[in-house]
Amino acid sequence: MLLGLLVVSALATDRPSDPEAPEGASDLALVTAAKGGSAEAFAALHARYYRRIYHLAYLKTNNASDAEDVASETFVRALGSLSRFKFEASRTGPQASLYPWLHRIAVNLVIDSARQRPPSGVFSLDAPVVKGMRSLLGEHLPVEAAAPSPQEIVERREVQQLVRSAIAALPADQGDVLIYRFLGDLSVREMAPLLRRSEAAVKSLLHRATVALRAEIEHRLEAIERLEAGRDQTQQAGEEWQSVGRTHTVASRRTDR
Amino acid sequence: MSDERTPSRRDAQIAEVASEIASEAVGPGHLGALRLAEAALHSPAPPSEAEAEARGRALMAFEQAQLAPRMLHAEPWGAAPLPLVERLARLVRRLWRR
């Protein structure tokens, strides 16, 4: 029996990958199969989109627990409407994406639960990281030997939080186009009917969003630098005050003698 | 379509977006902003336990939905749904009798 099991497992590993396997199937095929009762197809859709919806929810709520709740509930809500769901006529075919629909459900959940609280306020970043970000944004600052690499900068949690706050501060259409492009992986052609714009208009919007994002990030970096400069001045003033105080104390003792 | 964010896939996506806005002026600063946006939007990674739990919850809901006849558009006793024309005809007859 053990030999039989070994043979079966060997055959399983030698089996060529099935192009119709859920992992490689289009959203259209998976949705059709899920509507027909395939749990495997629904699980494949969940695996395909859960992280993206989580990231969308995290951007909106700035809270891991809330993001988990929203992401989880999104798929339960989607299941409730799946039987009525249809891809729009302009977005049928192998490239049709389920993301826009899931995106709308998730955003509505965030709004309904009143958990929308994107990151805001002043962020704490080291001076080398600030310089590195400015370099990344094209200000051509000289690269210092001890400066973090661009990859290290983009991977810093504080940098990511700052950038998320900048994205959240963009006008809605600019923020949406960045989210659809990066989280939804939608092409300009797919975004055009979604945003009710021509492809040229979507490209223009994407460009404006990029320019605006860069400006928002730089604005936040300036705020950090002003705060640091203010702290330095306060610290310097404090040291000077202490120095004056010591001088006054010494002078007082001399006069008291 | 894998959701795996490999470095090459990240770079490819950033390059694609840059080419899409290439008709406008695209400088290194814009590429940097796109790179920062790509990294920020795909972070932080969800806890694996939360993802597994969410999938389990979704599949459980899916299984429960399978028990409801609406999901399969079938009558409770298993008969096939009436064609649309027949249903419209029944509705007309019902309204006519009123």
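1. A residue is called buried when its relative accessible area is under 20%, exposed when over 50%, and partly exposed in between, using a 1.4 Å probe and protein chains only. By that definition A:Asp185 is partly exposed, because its relative accessible area is 25%. A:Asp185 is found in the loop between helix H9 (172-182) and helix H10 (188-195) of chain A, and its phi is near 60°, a positive value in a residue other than glycine.

2. This is a predicted model, in which local features need pLDDT of at least 70 and side-chain atom pairs count only at pLDDT 80 or more, while totals for chains, interfaces and linings use all residues. Residues are numbered from 1 along each chain as its sequence is written, chains are lettered from A and ligands numbered from 1 in the order in which they are written, and side-chain values use heavy atoms, with hydrogens and water left out.

3. On confidence, pLDDT is the predictor's own score for each residue, from 0 to 100, and for chain B its mean is 77, with 67% of the residues reaching 70 or more. Among the elements of chain B, helix H2 (residues 28-41) has the highest mean pLDDT (93) and helix H4 (residues 84-97) the lowest (69). Over residues 69-79 of chain B the pLDDT stays under 50, and for the complex the predictor gives an ipTM of 0.79 and a pTM of 0.77.

4. Chain A has 11 helices and zero strands, where helices (H or I, at least four residues) and strands (E, at least two) are DSSP runs numbered from the N terminus. Of the 257 residues in chain A, 41% are buried.

5. The largest nonpolar core has 88 residues, among which A:Met133 and A:Ile217 touch the most other members; such a core is a set of buried Ala, Val, Leu, Ile, Met, Phe, Trp, Tyr and Cys residues joined through side-chain atoms within 4.5 Å. Its largest share, 12 residues, comes from helix H3 (residues 39-61) of chain A. Contact means heavy atoms within 4.5 Å, and, leaving aside neighbours within four places in sequence, the contacts of A:Ile217 include A:Met133, A:Leu162 and, from the other chain, B:Leu36.

6. A:Asn62 sits in the loop between H3 and H4 of chain A, and its phi is near 55°, again a positive value in a residue other than glycine. A:Asn63 caps the N-terminal end of H4(A), with a side-chain oxygen 3.0 Å from the backbone nitrogen of A:Ser65. Within helix H4 (residues 64-81) of chain A lies A:Val70, which counts as buried because its relative accessibility is 4%. Leaving aside neighbours within four places in sequence, A:Val70 is in contact with A:Ala57, A:Ala106, A:Leu109 and A:Val110.

7. A:Gln160, in helix H8 (residues 157-169) of chain A, counts as buried because its relative accessibility is 11%. The side chains of A:Gln160 and B:Ser43 are joined by a polar contact of 3.0 Å, a term for a pair of N or O atoms within 3.5 Å of which, within protein, one must be able to donate a hydrogen and the other to accept it, residues adjacent in sequence counting only if both atoms are side-chain atoms. The peptide bond from B:Ser43 to B:Pro44 is cis, with omega near -10°, and B:Pro44 is found in the loop between H2 and helix H3 (48-67) of chain B.
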